[in-house]
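Subject: Handover of a structure model

Dear colleague,

Please find below the structure that I am handing over to you. My findings follow directly after it, grouped by topic.

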Amino acid sequence: QVLLVESGGGLVQPGGSLRLSCAASGIIFSIRPMAWYRQAPGKQRESVASITSGGTPTYANSVKGRFTISRDNAENTMYLQMNSLKPEDTAVYYCNTIDYRYTWGQGTQVTVSS
């Protein structure tokens with residue numbers, strides 16, 4: 001059974017930082033290009049960052065220079081380091097493959113507010 005579990009969200013002030021984790025089980029994680037997505041209230045889910053199996057990242061313009069995606073294939077885990085957070089980063093964050101191959105997890109809530 002495939003399981004994607006996101007964690008690390010929380011409430012942070014503008015300019016703060018958070019590190020999200022995505023733990024994957026039941027898949028051959030190391031061969032899958034992966035991505036972080038987010039969905040804000042009333043908006044469609046969007047990709048914010050992706051990473052190839054070899055570790056090459058790509059970022060949405062809205063987070064470029066502030067977010068860093070990484071992965072540990074030995075631990076079947078992907079990370080998203082989020083710095084200089086803005087209120088518009090408030091959303092539920094999810095992980096999945098770049099082609100939405102697996103059932104979505106519950107996500108982790110990130111709220112940026114003073």
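Two strands are taken to pair if DSSP finds at least two bridges between them. Please note that the model is a predicted one.

Leu-20 stands opposite Leu-80 of strand 8.

Leu-18 is found in strand 3, which covers residues 18–25. Leu-18 counts as buried, at 16% relative accessibility; the cut-off for that word is under 20%. If residues up to four places away in sequence are not counted, Leu-18 touches Gly-8, Gly-9, Gly-10, Val-12, Leu-80, Gln-81, Met-82, Leu-85 and Val-110. Leu-18 and Asn-83 are 65 residues apart in sequence, yet their C-alpha atoms are 6.7 Å apart in space.

Aromatic rings

A search of the whole structure finds 4 aromatic pairs. One of them is formed by Tyr-94 and Trp-104, with 5.9 Å from centre to centre and 80 degrees between the planes, and is edge-to-face. Tyr-94 belongs to strand 9 (residues 91–97), whereas Trp-104 belongs to the loop between strand 9 and strand 10 (108–112), so this pair ties together parts that are 10 residues apart in sequence. Tyr-94 is buried, with a relative accessible area of 12%, while Trp-104 counts as partly exposed at 28% relative accessibility.

Trp-104 also pairs with Tyr-100: the ring centres are 5.8 Å apart and the planes stand at 40 degrees, so this pair is tilted. The reason for that label is that planes under 30 degrees apart count as stacked and those over 60 as edge-to-face, with the rest called tilted. Ring pairs link Tyr-37, Tyr-94, Tyr-100 and Trp-104 into a cluster.

Charges over rings

Two arginines lie over aromatic rings. The charged end of Arg-19 sits over the ring of Tyr-79, at 4.0 Å from the ring centre. Arg-71 lies over the face of Phe-29, and here the distance to the ring centre is 4.5 Å.

Asn-96 is a residue of strand 9. Is Asn-96 buried or exposed? Asn-96 is buried, its relative accessible area being 0%. The side chain of Asn-96 reaches the backbone oxygen of Tyr-102 at 2.8 Å. With neighbours within four places in sequence left aside, Asn-96 is in contact with Leu-4, Met-34, Ala-35, Tyr-37, Arg-101, Tyr-102, Thr-103 and Trp-104. Two of these contacts, Tyr-37 and Trp-104, belong to the ring cluster described above.

Arg-38 is found in strand 4, residues 34–39. Arg-38 counts as buried, at 5% relative accessibility. Which side chains make polar contacts with the side chain of Arg-38? One is that of Glu-46, at 2.8 Å; another is that of Tyr-93, with a contact of 3.0 Å. Apart from neighbours within four places in sequence, the residues in contact with Arg-38 are Gln-44, Arg-45, Glu-46, Val-48, Ser-62, Val-63, Phe-67, Glu-88, Asp-89, Ala-91, Val-92 and Tyr-93.

Backbone angles

Ser-84 has a phi near 50 degrees, a positive value in a residue other than glycine. Ser-84 is found in the loop between strand 8 and strand 9, and at 40% relative accessibility Ser-84 counts as partly exposed. Tyr-100, likewise not a glycine, has a positive phi of about 50 degrees. Tyr-100 lies in the loop between strand 9 and strand 10, and its ring takes part in the tilted pair with Trp-104.

With kind regards

Methods
Residues are numbered from 1 along each chain as its sequence is written. This is a predicted model: local features need pLDDT of at least 70, side-chain atom pairs count only at pLDDT 80 or more; totals for chains, interfaces and linings use all residues. Side-chain values use heavy atoms; hydrogens and water are left out. Rings of Phe, Tyr and Trp (its six-membered ring) pair if their centres lie within 6.5 Å; planes under 30 degrees apart count as stacked, over 60 as edge-to-face and the rest as tilted. Helices (H or I, at least four residues) and strands (E, at least two) are DSSP runs, numbered from the N terminus. Buried means under 20% relative accessible area, exposed over 50%, partly exposed in between (1.4 Å probe, protein chains only). A charge sits over a ring if NZ of Lys or CZ of Arg is within 6 Å of the ring centre and within 35 degrees of the ring normal. A polar contact is a pair of N or O atoms within 3.5 Å; within protein, one must be able to donate a hydrogen and the other to accept it, and residues adjacent in sequence count only if both atoms are side-chain atoms. Contact means heavy atoms within 4.5 Å.
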